[in-house]
Structure formats: C-alpha cells, structure tokens
Amino acid sequence: MAGFRSLARQVRDPRCDLALRRYSLRKCLERFAPYGHRATWAHLCARHGIGPEDRSPDPVRLVAALEELEEARAVWLAYEESFADRRKQEKSAGLRRPGHVDDWHRRTWGGHGVARCPSPAAHPPQPLAEVLRRLIGALERGPGRTCPVCRGSQLVWRQDLRQAPWSGPLCRDCGILVPPPALTPEAVTAARRAARHRLVPVA
C-alpha cells in the first residue's frame, strides 16, 4: 500500500494523467484528513477551485491543494513528535497513566478526523495548518469555554454520529467537533443542555 509521500509524488508527477493525479490526492486523504475524508476533500476543493467530481482538474490547483494538505500534516506530525517525547519523559518520571488530553490523542493518532466535521458542507474556511495550530495551541493552554478554532460559542452536543468520535460538542459556527479536552466542564455541560433544547439533524 502506497504511503502519503509516495502518493504525493504521483500528484506532482506531470507524466501521470490527470485522473491518476486526482485519484492519488484522494488517496492521500486516507492517510491524513483532519476533518475526515469527505469534509477534507470538500474543503480542499472549495479553497482551490477544484470541482469535486472533476476527473481532469487543473494540475496547478491539484498541487496547491496537496501543498495545503502537506503543510497541515507537517504541523500534526510535529505535534505527535512532541507528544511522544513528553509521554516518554513522564513515564521515566513514574507517571504511567495518561491524562484526559492524552486519552483523546491516542484515539486520533495519525491526525485522521482530529477536527472532524460531520457535515462535509460545513468546515472552517482557514487553511488546514492554521486550524490545527489553533487546535493544538488550545490543547496545550488548557480548556476554554469556546471553540478553539473560531472562538464561536454556539456549541451543541451531537449524539450517534456516523463515524468515530460517535458523539461530541459540535461548533455550529465552523462545523468541527471540538475535542472535549479543549473545553471546560461547564462548556461541555452547556453543549449537552443545548442539545436537549433543540433538534439537531444528523449529517
């Protein structure tokens, strides 16, 4: 099975036909897709002017979309490296049990769905790398009362989603499922309360 870097080379290779280059970009999303596969694809298409069903897109646009994805992946890989170093130091110091943030990180290893968007049509407009920097910064600072990506306060708990995580606080302003460790207990409680007072359609 081809890895992310091998697929990225195919996206850039002018000797490959456009259909294969597009296919390779889609396959990259099986290795790294912060919003989930469908929402990340919708985001890249919207930001770079690619028709979601266009089998022969402009190669310049394809490469630009790939570059955005690669930048975001570099941000996430640097975070995972620092996370692994920290956990190694903590274990050496006798702290064997992971904390709340660490438990969430274990379920998102690889960065797939780290800022999942249940609806492909609703995702942050910022570049992926910027979204991940904001999210990582919030996790490192400690929990807050608003969405760490857009600072929106319209959080509502979503239950029985189609993909993991199966439930969580949805930001109705930017569309991401906010990692619970990025929110205070009061904010999570408020999101659950909001879910009881309004019917939220499942995407």
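In which helix is glutamine 10 found? Glutamine 10 sits in helix α1. The model is a predicted one, so local features are taken at pLDDT of at least 70 and side-chain atom pairs at pLDDT 80 or more, while totals for chains, interfaces and linings use all residues. Numbering starts from 1 along each chain as its sequence is written, and side-chain values use heavy atoms, with hydrogens and water left out.

Overall, the protein has seven helices and two strands, arranged along the sequence as α-α-α-α-α-α-β-β-α. Helices here are DSSP runs of H or I with at least four residues, strands are runs of E with at least two, and both are numbered from the N terminus. Of the 203 residues, 44% are buried. Buried stands for under 20% relative accessible area, exposed for over 50%, and partly exposed for anything in between (1.4 Å probe, protein chains only). Among contacts with a separation of 6 or more, 65% join residues 24 or more positions apart; a contact is a pair of heavy atoms within 4.5 Å.

Back to glutamine 10: this residue is partly exposed, at a relative accessible area of 29%. Not counting residues up to four places away in sequence, glutamine 10 touches Cys16, Leu20, Arg21 and Ser24. Its C-alpha atom is separated by 9.1 Å from that of arginine 22, which is 12 residues away along the chain.

Serine 24 counts as buried, with 0% relative accessibility, and, leaving aside neighbours within four places in sequence, is in contact with Leu7, Gln10 and Val11. The buried set of α2 is made up of Arg21, Arg22, Ser24, Leu25 and Cys28. These residues cover an arc of only 155° around the axis, so they lie on the same side of α2; the arc is that of the directions from the helix axis to the C-beta atoms. An α-helix has 3.6 residues a turn, so residues three or four places apart point the same way. At the N-terminal end, aspartate 17 caps α2, with a side-chain oxygen 3.1 Å from the backbone nitrogen of alanine 19.

Next comes the nonpolar interior. A nonpolar core is a set of buried Ala, Val, Leu, Ile, Met, Phe, Trp, Tyr and Cys residues joined through side-chain atoms within 4.5 Å. The largest such core has 46 residues, and Leu25, Leu69, Cys147, Ile176 and Val178 have the most contacts inside it. At least two residues of this core come from each of α1 (4–12), α2, α3 (37–48), α4 (59–92), α6 (128–141), β1 and α7. Helix α4 gives the largest share, eight residues. Leucine 69 is in contact with Phe4, Leu25, Cys28, Leu29, Phe32, Thr40 and Leu128, once neighbours within four places in sequence are left aside.

What about the cysteines? Cysteine 147 is buried, with a relative accessible area of 0%, and cysteine 28 also counts as buried, at 0% relative accessibility. The closest cysteine sulfur to that of cysteine 147 belongs to cysteine 174, but at 3.7 Å the two are too far apart for a bond. The structure holds zero disulfides, a disulfide being a pair of cysteine sulfur atoms within 2.5 Å.

Helix α7 (residues 185–197) has 13 residues, which at 1.5 Å a residue should span 18 Å; the end C-alpha atoms are 19 Å apart, in agreement. The expected span is 1.5 Å times one less than the number of residues. Its buried residues are Ala187, Val188 and Ala191. An arc of only 100° around the axis takes them in, which puts them on the same side of α7. They pack against β1 (155–158) and β2 (168–171), whereas Pro185, Arg196 and His197 are exposed on the other side of the helix.

Glycine 113, in the loop between α5 (100–107) and α6, counts as buried at 8% relative accessibility. Leaving out residues up to four places away in sequence, glycine 113 touches Ala33, Pro34 and Gly36. Glutamine 163 is 50 residues from glycine 113 in sequence, yet their C-alpha atoms are 9.3 Å apart in space. Arginine 151 is located in the loop between α6 and β1 and is exposed, with a relative accessible area of 52%. Although not a glycine, arginine 151 has a positive phi of about 65°. Most residues other than glycine have a negative phi.

Technical notes: Polar contact = N/O pair within 3.5 Å; in protein donor to acceptor, adjacent residues only side chain to side chain.
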